[in-house]
Amino acid sequence: MNESALKRKVINAASKLDRVHWLKIHGNAYQRTGEPDLIFCVDGRFAAVELKVGNNKPTQLQLHRLAEWRRAGAITCVCYSVKQFLEFIKEIKKDEHD
């Protein structure tokens with residue numbers, strides 16, 4: 001599976017979740033290089049997700065951008081599968097209700 005296929009599967013999974021709204025970043029003329037693949041609002045909490053497949057790793061710039069989002073208050077994650085993405089969302093929801 002390539003990253004585009006993973007992104008489609010993650011978006012499909014996210015679209016079925018309650019209190020989760022997503023936005024695909026790539027393809028925006030105003031996007032800075034290295035921005036996360038998807039941003040989410042999960043039960044009122046902001047999250048940014050970088051998607052990778054196989055042995056691919058985020059670039060230093062992608063890690064830097066995720067750190068910028070964290071400093072601004074976002075919850076961030078690099079996800080390698082739909083399962084990992086759903087676990088990330090579950091943790092955000094759990095933390096919100098604890």
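**Cysteines and helix 2, talked through**

Colleague: What makes Cys77 count as buried?

Modeller: Its relative accessible area is 16%, and buried means under 20% (exposed is over 50%, partly exposed in between, with a 1.4 Å probe and protein chains only), so Cys77 is buried. Bear in mind that this is a predicted model, where local features need pLDDT of at least 70, side-chain atom pairs count only at pLDDT 80 or more, and totals for chains, interfaces and linings use all residues. Residues are numbered from 1 along each chain as its sequence is written, and side-chain values use heavy atoms, leaving out hydrogens and water.

Colleague: And why is Cys79 called buried?

Modeller: Cys79 has 0% relative accessibility, so it counts as buried too.

Colleague: How do you know how many disulfides there are?

Modeller: A disulfide is a pair of cysteine sulfur atoms within 2.5 Å. The sulfur of Cys77 has its closest cysteine sulfur in Cys79, 3.5 Å away, so that is too far for a bond. Cys79 is in no disulfide either, and the count is 0 disulfides.

Colleague: What is the span of helix 2 set against?

Modeller: Helices are DSSP runs of H or I, at least four residues, and strands are runs of E, at least two, numbered from the N terminus. Helix 2 (residues 60–71) has 12 residues. The expected span is 1.5 Å times one less than the number of residues; here that gives 16 Å, and helix 2 reaches 16 Å from its first C-alpha to its last.

Colleague: Which residues of helix 2 are buried?

Modeller: Gln62, Arg65, Leu66 and Ala67.
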